[in-house]
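Biologist: Can you take me through this model? I would like the overall make-up and then some details.

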Amino acid sequence: MILAMECSDGKKAILLSSVVIALCIDISIYLIQEDTVTEMIPYRTRTWGNPSRDSTRPLLKTRLLPDESARSTDSTEHVTVAPSTKKSSSDTGLKDNVSFNCNNISIMPPGSLPVIALASLPGSGNTWCRYLIERVTGIYTGSIYTDNTLIKGGFLGERMDPYRGRTVVVKMHTMNRPRKINRTILLVRDFYDAVIAEFDRRQFANSKGKAGSGHTFLPEESVYTERVEYFTRVVSGMATSWKKLLQAVTDNFAKDNRLLVVHFDDLKTDLAAELRRIVKFLNLPFSDERLRCTLENSEGHFHRPQRNLSVNPFTNQTLRKVQETVEYAKHTMLKHGLPPLRINTTSTRYSV
């Protein structure tokens with residue numbers, strides 16, 4: 001809109017409202033706060049963890065820009081997550097129950113982070129672990145896969161090129177490009193439980209008309225007696241996949257502190273301690289506020305409920321295959337001077 005006014009000398013001065021608009025834009029885009037630039041990031045965010053709600057909106061986030069000193073001088077790239085605009089516990093004098101939104105998560109500029117694998121066997125809780133890491137670090141995780149269900153549920157790093165250093169870790173069940181990976185977190189779950197979780201997930205594809213996601217789907221127990229041969233193939237395939245993955249991980253990352261083993265059961269029993277280990281391994285600053293918020297919201301929406309089957313799906317044949325896998329893992333870890341893996345803690349439950 002153009003405004004006209006009579007000046008004292010009788011001349012008309014044309015005032016352009018666009019000047020005011022431009023001034024507002026200049027003020028809103030860049031704010032200087034404690035050496036951190038607040039930037040309008042052109043990414044989209046969704047209501048986290050609910051695939052049925054696809055409400056997107058631009059989000060104003062605070063982060064270090066690429067020209068800031070966000071990298072360390074050693075060979076391992078280091079990024080500092082920009083501080084939250086909310087007051088910290090030290091600012092408010094509160095030590096507990098501090099209100100903090102750990103759903104404020106960013107995708108980093110290309111090359112900001114080293115490529116760190118979050119490797120696991122399918123069914124080991126990789127998606128849940130990603131959810132936890134995103135909240136405790138404030139940075140999205142990536143994947144070598146593209147799962148649209150996860151994207152709709154809030155895993156926006158799923159869209160990113162996994163090897164461009166924009167996400168804090170990268171999900172993978174196979175390791176095809178180890179030379180592009182700086183370090184690896186190996187997420188380990190009891191092999192019996194991992195097999196059952198993966199078998200359940202695969203049944204979702206056959207559950208015509210069922211609502212939900214393969215990440216959380218629980219089929220009827222009767223499927224275990226109806227699809228015995230298929231279950232046997234799942235056990236055999238996962239045993240082969242586990243051997244290949246473990247060999248790739250240990251051959252490439254067992255030395256020079258480039259491997260961190262995280263057990264799923266430890267996440268369940270002592271989540272705070274495990275998240276501290278993970279953040280330290282990632283070489284990122286630790287936030288007590290983010291940890292507190294993550295612990296209060298630890299379940300997420302892609303964590304399959306655990307149940308105890310009333311039937312035993314394992315036969316003598318599949319139990320022998322599992323035992324061979326356990327022995328292989330023990331031998332492989334010993335060969336590389338690594339502690340043994342806890343992958344057969346439930347063997348007595350499924351003995352025949």
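Predicted model: local features only at pLDDT ≥ 70, side-chain atom pairs only at ≥ 80, totals over all residues.

Biologist: How many helices and strands does the protein have?
Modeller: The protein has 11 helices and 10 strands. Helices (H or I, at least four residues) and strands (E, at least two) are DSSP runs, numbered from the N terminus.

Biologist: And what share of the residues is buried?
Modeller: Of the 352 residues, 46% are buried. Buried means under 20% relative accessible area, exposed over 50%, and partly exposed in between, with a 1.4 Å probe and protein chains only.

Biologist: What about contacts between residues at least 6 apart in sequence: what share joins residues at least 24 apart?
Modeller: That share is 74%. Contact means heavy atoms within 4.5 Å.

Biologist: On to helices. How do the axes of α3 and α9 cross?
Modeller: The axes of α3 (residues 126-137) and α9 (residues 271-282) come within 11 Å and cross at roughly 70°. The two helices are therefore roughly perpendicular to each other. Axes are lines fitted to C-alpha atoms, for helices over the stretch in contact, and angles run from 0 to 180 degrees between N-to-C directions. Angles under 35 degrees count as roughly parallel, over 145 as roughly antiparallel, 65 to 115 as roughly perpendicular and the rest as oblique.

Biologist: Which residues meet there?
Modeller: From α3 there are C129, L132, I133, V136 and T137, and they meet L271, L275, I278, V279 and L282 of α9. By class, this contact of α3 with α9 has 9 nonpolar residues, 1 polar and no charged ones. Ala, Val, Leu, Ile, Met, Phe, Trp, Tyr, Cys and Pro count as nonpolar, Asp, Glu, Lys and Arg as charged, and the others, Gly among them, as polar.

Biologist: Stay with α9. What span should its 12 residues have?
Modeller: At 1.5 Å a residue they should span 16 Å, and the end C-alpha atoms of α9 are 16 Å apart, which agrees. The expected span of a helix is 1.5 Å times one less than its number of residues.

Biologist: Which of its residues are buried, and where do they lie around the axis?
Modeller: In α9 the buried ones are L271, E274, L275, I278, V279, F281 and L282. Seen down the axis of α9, its buried residues fall within an arc of 160°, so they line one face of the helix. The arc is that of the directions from the helix axis to the C-beta atoms.

Biologist: What covers them?
Modeller: The cover of the buried residues in α9 includes β6 (116-120), α3, β9 (183-188), β10 (259-263), α8 (264-269) and α10 (288-296).

Biologist: Which residue just after α9 takes a positive phi?
Modeller: That is N283, with a phi of about 60°, although N283 is not a glycine. N283 sits in the loop between α9 and α10 and counts as partly exposed at 29% relative accessibility.

Biologist: And N257, buried or exposed?
Modeller: N257 is exposed, at 71% relative accessibility. Its loop runs between α7 (228-253) and β10. N257 also has a positive phi, about 55°, without being a glycine.

Biologist: New topic, α5. How many of its 13 residues are buried?
Modeller: In α5 (residues 191-203), 11 of the 13 residues are buried, so the helix is largely enclosed by the rest of the structure. Among them are F191, Y192, D193, E198 and D200. The elements covering the buried residues of α5 include α6 (222-226), α7 and α11.

Biologist: T318 is in which helix, and what does T318 touch?
Modeller: T318 is in α11 (residues 316-335). T318 is buried, with a relative accessible area of 1%, and touches T232 and V235, not counting residues up to four places away in sequence.

Biologist: Last one, L259. Where is that?
Modeller: L259 lies in strand β10 and is buried, with a relative accessible area of 16%. Leaving aside neighbours within four places in sequence, L259 contacts T184, L186, V249, F253, A254, F281 and L338.

Key:
Residues numbered from 1 in each chain as written. Heavy atoms only, no water.
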